[in-house]
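Please keep the sequence and the structure in view while reading.

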Amino acid sequence: MLNASVQATAANAPSLPMFGSYFPYWLISLFSAVMLTVVIRVILVTVGVDDFLRWRVVTYMSLALSLTFLISFLYFGR
C-alpha cells in the first residue's frame with residue numbers, strides 16, 4: 001500500500017524519470033535558460049547593444065525567466 005502511494009505522488013510531481021530516479025523538469029529548463037542567456041549576453045556585448053542597457057540585471061534576469069518558461073512550455077509541454 002505504501003509503495004502505491006509513493007508511485008502516485010511521483011507520477012503527479014513535476015519531474016522526469018532520468019537515470020532511474022525522478023528529476024525536476026523545471027531545473028533542466030532553468031539551467032538551459034541560464035546557458036542561453038549567457039550566450040545571448042555575449043552576442044549583445046559583441047554587437048555593442050549591452051552598453052545601451054540601463055538595467056542590465058533586470059534585463060538578463062527577465063530574459064532568463066522568460067526563456068525558462070518558454071523551454072518548459074515548448075519542450076516539456078507544461
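## Terms and overall layout

Helices, which are runs of at least four residues marked H or I, and strands, which are runs of at least two marked E, are taken from DSSP and numbered from the N terminus. The model discussed here is a predicted one. Its secondary structure comes to 3 helices and 2 strands, and reading along the sequence gives the pattern α-β-β-α-α.

The chain has 78 residues, of which 19% are buried, and its accessible surface comes to about 6300 Å², with 74% of that area belonging to carbon and sulfur atoms. Among the contacts with a separation of 6 or more, 50% are between residues 24 or more positions apart.

Helix α2 covers residues 25-47. With 23 residues at 1.5 Å a residue, α2 should span 33 Å, and this agrees with its end C-alpha atoms, which are 33 Å apart. Just after α2 comes glycine 48, which takes a positive phi of about 105 degrees.

Which residues of α2 are buried? They are Tyr25, Ser29, Ala33 and Thr37.

A nonpolar patch on the surface is formed by Phe23, Trp26, Leu27, Leu30, Phe31, Val34, Met35, Val38 and Val42, which together have about 800 Å² of accessible area. The largest share of this patch, 8 residues, comes from α2. One of the patch residues is tryptophan 26, which lies in helix α2 and counts as partly exposed at 46% relative accessibility.

If its neighbours within four places in sequence are left aside, serine 29 is in contact with Thr68, Ile71, Ser72 and Phe76.

Is phenylalanine 76 buried or exposed? Its relative accessible area is 18%, and because the cut-off for a buried residue is under 20%, phenylalanine 76 counts as buried. Although phenylalanine 76 and tryptophan 26 are 50 residues apart in sequence, their C-alpha atoms are 9.2 Å apart in space.

Side chains of opposite charge can pair when their charged atoms come close. In this chain the count comes to 2 salt bridges. In one of them, the side chains of arginine 41 and aspartate 50 meet, with a distance of 3.8 Å from N to O. Aspartate 50 also forms a salt bridge with arginine 56, where the closest N and O atoms are 3.3 Å apart.

Through salt bridges that share partners, Arg41, Asp50 and Arg56 are joined into one network.

How values were computed. Residues numbered from 1 in each chain as written. Predicted model: local features only at pLDDT ≥ 70, side-chain atom pairs only at ≥ 80, totals over all residues. Heavy atoms only, no water. Contact = heavy atoms within 4.5 Å. Buried < 20%, exposed > 50% of the residue type's maximum accessible area, 1.4 Å probe, protein only. Areas by Shrake-Rupley, 256 points an atom, 1.4 Å probe, with all protein chains shown as cover. Salt bridge = Lys/Arg side-chain N within 4 Å of Asp/Glu carboxyl O. Patch = residues over 30% accessible without salt bridge, like charges linked within 9 Å, V, L, I, M, F, W, Y side chains within 5 Å. Expected span 1.5 Å × (residues − 1).
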